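Reader: Please walk me through this one slowly, as I am new to it.

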Amino acid sequence: ALDAAAGLSRVEERPVDELGDGVVEVRIGSHVGRVLAAELESHADEARGRGAGHRVLRTREPGGTALAEALRRWVLETEMDGVCEVLLVFAARADHIAKVIRPAIEAGTWVVCDRYTDATLAYQGAARGLGIEQVARVNAPGIGDCMPDLTIILDIAPGAAVDRRAERASVEIGRAHVELQS
(Lines give C-alpha, C1' and ligand atoms only; values in the text may rest on other atoms or scores of the structure.)
Protein backbone atom coordinates (compact mmCIF):
# COMPACT_ATOMS: atom_id res chain seq x y z
CA ALA A 1 0.00 0.00 0.00
CA LEU A 2 1.18 3.53 -0.64
CA ASP A 3 0.63 6.59 1.55
CA ALA A 4 -2.83 8.07 0.91
CA ALA A 5 -1.68 11.47 2.23
CA ALA A 6 0.74 11.65 -0.69
CA GLY A 7 -2.16 11.17 -3.08
CA LEU A 8 -1.44 7.49 -3.51
CA SER A 9 -3.60 4.63 -2.41
CA ARG A 10 -3.33 0.99 -3.22
CA VAL A 11 -4.35 -1.49 -0.60
CA GLU A 12 -3.31 -5.06 -1.02
CA GLU A 13 -4.65 -7.59 1.45
CA ARG A 14 -3.38 -11.14 1.68
CA PRO A 15 -3.80 -13.78 4.36
CA VAL A 16 -0.65 -14.40 6.43
CA ASP A 17 -0.33 -17.90 4.98
CA GLU A 18 0.01 -16.34 1.50
CA LEU A 19 2.94 -14.11 2.46
CA GLY A 20 6.14 -14.85 0.59
CA ASP A 21 9.51 -14.47 2.25
CA GLY A 22 8.12 -12.64 5.26
CA VAL A 23 9.08 -8.98 4.80
CA VAL A 24 6.58 -6.65 6.46
CA GLU A 25 6.84 -2.87 6.11
CA VAL A 26 5.27 -0.76 8.84
CA ARG A 27 4.47 2.70 7.43
CA ILE A 28 3.46 5.02 10.26
CA GLY A 29 2.32 8.62 9.85
CA SER A 30 3.85 11.54 11.73
CA HIS A 31 2.92 11.79 15.39
CA VAL A 32 1.11 8.44 15.44
CA GLY A 33 3.69 6.97 17.78
CA ARG A 34 6.04 5.36 15.27
CA VAL A 35 8.39 3.52 17.63
CA LEU A 36 5.65 2.23 19.90
CA ALA A 37 3.42 1.15 17.01
CA ALA A 38 6.25 -0.67 15.20
CA GLU A 39 7.29 -2.34 18.44
CA LEU A 40 3.72 -3.46 19.13
CA GLU A 41 3.35 -4.77 15.58
CA SER A 42 6.64 -6.60 15.87
CA HIS A 43 5.51 -8.24 19.13
CA ALA A 44 2.19 -9.23 17.55
CA ASP A 45 3.97 -10.69 14.52
CA GLU A 46 6.41 -12.47 16.80
CA ALA A 47 3.55 -13.99 18.78
CA ARG A 48 1.81 -15.10 15.59
CA GLY A 49 5.11 -16.27 14.14
CA ARG A 50 6.03 -18.33 17.19
CA GLY A 51 2.78 -20.22 16.81
CA ALA A 52 3.74 -20.96 13.20
CA GLY A 53 7.42 -21.58 14.04
CA HIS A 54 8.73 -18.23 12.68
CA ARG A 55 11.34 -15.93 14.17
CA VAL A 56 10.75 -12.19 13.76
CA LEU A 57 13.41 -9.48 13.35
CA ARG A 58 12.44 -5.83 13.90
CA THR A 59 14.52 -3.21 12.08
CA ARG A 60 14.18 0.28 10.59
CA GLU A 61 15.09 2.37 7.60
CA PRO A 62 17.15 4.18 7.00
CA GLY A 63 19.24 2.24 9.48
CA GLY A 64 19.82 -1.30 10.62
CA THR A 65 23.60 -1.43 10.01
CA ALA A 66 26.49 0.81 11.09
CA LEU A 67 26.78 2.33 7.60
CA ALA A 68 23.02 2.77 7.22
CA GLU A 69 22.79 4.46 10.65
CA ALA A 70 25.59 6.87 9.67
CA LEU A 71 23.80 7.67 6.42
CA ARG A 72 20.54 8.14 8.38
CA ARG A 73 22.23 10.76 10.56
CA TRP A 74 23.48 12.58 7.45
CA VAL A 75 20.00 12.57 5.92
CA LEU A 76 18.37 13.82 9.13
CA GLU A 77 21.01 16.38 10.14
CA THR A 78 22.32 17.78 6.85
CA GLU A 79 20.62 20.20 4.48
CA MET A 80 20.60 18.58 1.02
CA ASP A 81 18.52 18.48 -2.12
CA GLY A 82 16.04 15.67 -2.76
CA VAL A 83 18.22 13.75 -5.24
CA CYS A 84 21.14 13.57 -2.82
CA GLU A 85 18.77 12.55 -0.01
CA VAL A 86 17.15 9.71 -1.94
CA LEU A 87 20.51 8.37 -3.14
CA LEU A 88 21.77 8.24 0.46
CA VAL A 89 18.54 6.48 1.53
CA PHE A 90 19.08 3.95 -1.29
CA ALA A 91 22.71 3.39 -0.26
CA ALA A 92 21.57 2.77 3.31
CA ARG A 93 18.87 0.39 2.05
CA ALA A 94 21.27 -1.60 -0.14
CA ASP A 95 23.62 -2.11 2.81
CA HIS A 96 20.70 -2.99 5.11
CA ILE A 97 19.32 -5.54 2.66
CA ALA A 98 22.74 -7.14 2.03
CA LYS A 99 23.77 -7.37 5.68
CA VAL A 100 20.49 -7.76 7.61
CA ILE A 101 17.28 -8.30 5.66
CA ARG A 102 18.34 -10.85 3.02
CA PRO A 103 20.34 -13.01 5.49
CA ALA A 104 17.37 -12.98 7.89
CA ILE A 105 14.98 -14.04 5.13
CA GLU A 106 17.36 -16.77 3.99
CA ALA A 107 17.44 -18.04 7.60
CA GLY A 108 13.62 -18.20 7.62
CA THR A 109 13.16 -15.13 9.83
CA TRP A 110 10.31 -12.70 9.19
CA VAL A 111 11.45 -9.08 8.99
CA VAL A 112 9.32 -6.20 10.32
CA CYS A 113 10.76 -2.92 9.06
CA ASP A 114 9.76 0.56 10.25
CA ARG A 115 9.65 2.21 6.81
CA TYR A 116 10.86 0.62 3.60
CA THR A 117 10.16 1.02 -0.11
CA ASP A 118 6.66 2.53 0.06
CA ALA A 119 7.86 5.16 2.55
CA THR A 120 10.57 6.21 0.07
CA LEU A 121 8.03 6.51 -2.73
CA ALA A 122 5.83 8.69 -0.50
CA TYR A 123 8.55 10.85 1.10
CA GLN A 124 11.08 11.30 -1.67
CA GLY A 125 8.97 10.45 -4.72
CA ALA A 126 5.81 12.39 -3.92
CA ALA A 127 6.57 14.82 -1.07
CA ARG A 128 10.04 15.84 -2.31
CA GLY A 129 8.73 15.97 -5.89
CA LEU A 130 11.22 13.54 -7.43
CA GLY A 131 8.50 11.47 -9.07
CA ILE A 132 7.27 8.10 -7.92
CA GLU A 133 8.20 6.24 -11.11
CA GLN A 134 11.71 7.72 -11.21
CA VAL A 135 12.34 6.90 -7.53
CA ALA A 136 11.02 3.34 -8.04
CA ARG A 137 13.37 2.84 -11.03
CA VAL A 138 16.43 4.03 -9.12
CA ASN A 139 15.41 1.93 -6.09
CA ALA A 140 15.01 -1.31 -8.06
CA PRO A 141 18.68 -2.42 -8.39
CA GLY A 142 19.34 -2.00 -4.66
CA ILE A 143 16.35 -4.04 -3.51
CA GLY A 144 16.18 -6.66 -6.25
CA ASP A 145 13.42 -9.08 -5.31
CA CYS A 146 13.40 -8.04 -1.64
CA MET A 147 9.97 -6.39 -1.73
CA PRO A 148 7.58 -6.25 1.23
CA ASP A 149 4.96 -8.98 1.34
CA LEU A 150 2.74 -6.76 3.45
CA THR A 151 2.66 -3.04 4.21
CA ILE A 152 0.84 -1.86 7.32
CA ILE A 153 -0.10 1.82 7.34
CA LEU A 154 -0.97 3.52 10.61
CA ASP A 155 -2.12 7.10 10.18
CA ILE A 156 -3.76 9.86 12.20
CA ALA A 157 -6.06 12.75 11.34
CA PRO A 158 -4.07 15.94 10.60
CA GLY A 159 -5.71 17.81 13.51
CA ALA A 160 -4.74 15.08 15.96
CA ALA A 161 -1.16 15.14 14.63
CA VAL A 162 -0.99 18.91 15.25
CA ASP A 163 -2.31 18.38 18.80
CA ARG A 164 0.30 15.68 19.49
CA ARG A 165 3.09 17.87 18.12
CA ALA A 166 1.98 20.72 20.41
CA GLU A 167 1.79 18.36 23.41
CA ARG A 168 5.28 17.06 22.69
CA ALA A 169 6.65 20.62 22.42
CA SER A 170 4.97 21.52 25.72
CA VAL A 171 6.53 18.51 27.46
CA GLU A 172 9.97 19.38 26.05
CA ILE A 173 9.63 23.00 27.24
CA GLY A 174 8.60 21.72 30.68
CA ARG A 175 11.64 19.42 30.84
CA ALA A 176 13.95 22.27 29.83
CA HIS A 177 12.44 24.48 32.56
CA VAL A 178 12.97 21.76 35.20
CA GLU A 179 16.57 21.28 34.06
CA LEU A 180 17.22 25.03 34.31
CA GLN A 181 15.77 25.09 37.83
CA SER A 182 17.98 22.20 38.97
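**A first look**

Author: Asn139 counts as buried, at 6% relative accessibility, where buried means under 20% relative accessible area, exposed over 50% and partly exposed in between, with a 1.4 Å probe and protein chains only. This is a predicted model, with residues numbered from 1 along each chain as its sequence is written. Local features need pLDDT of at least 70 and side-chain atom pairs 80 or more, totals for chains, interfaces and linings use all residues, and side-chain values use heavy atoms, without hydrogens and water.

Reader: Where is Asn139 found, and what does it touch?

Author: Asn139 is found in helix 5, and it touches Phe90, Arg93 and Thr117 (heavy atoms within 4.5 Å), leaving aside residues up to four places away in sequence. Val138 also lies in helix 5, which covers residues 132-143, but Val138 is partly exposed, with a relative accessible area of 40%.

Reader: OK, stepping back, how many helices and strands are there?

Author: The protein has 6 helices and 4 strands, which are DSSP runs numbered from the N terminus (H or I for helices, at least four residues; E for strands, at least two). Along the sequence they follow the pattern β-α-β-α-α-β-α-α-β-α.

Reader: And what share of the protein is buried?

Author: Of the 182 residues in the protein, 41% are buried. Looking at contacts between residues at least 6 apart in sequence, 76% join residues that are at least 24 apart.

Reader: Is helix 4 mostly covered or open?

Author: Helix 4, residues 117-127, is mostly covered, with 8 of its 11 residues buried. Among those buried residues are Thr117, Asp118, Leu121 and Gln124, and Thr117 is one of the residues that Asn139 touches.

Reader: What about the residues on either side of helix 4, and what phi do they take?

Author: Just after helix 4, Gly129 takes a positive phi of about 75°. Arg115, in the loop between strand 3 (109-114) and helix 4, also has a positive phi of about 75°, although Arg115 is not a glycine.

Reader: New topic: which residues does the cis peptide bond join?

Author: The cis peptide bond joins Glu61 and Pro62, with omega of about -15°. Pro62 sits in the loop between strand 2 (55-60) and helix 2 (66-77).

Reader: How many salt bridges does the structure hold?

Author: There are 5 salt bridges, each being a side-chain nitrogen of Lys or Arg within 4 Å of a carboxyl oxygen of Asp or Glu. In one of them, the side chains of Glu85 and Arg128 meet at 3.1 Å, N to O. That pair links distant parts of the chain, with Glu85 in helix 3 (residues 82-106) and Arg128 in the loop between helix 4 and helix 5, 43 residues apart. Glu85 is buried at 12% relative accessible area, whereas Arg128 is partly exposed at 37%.
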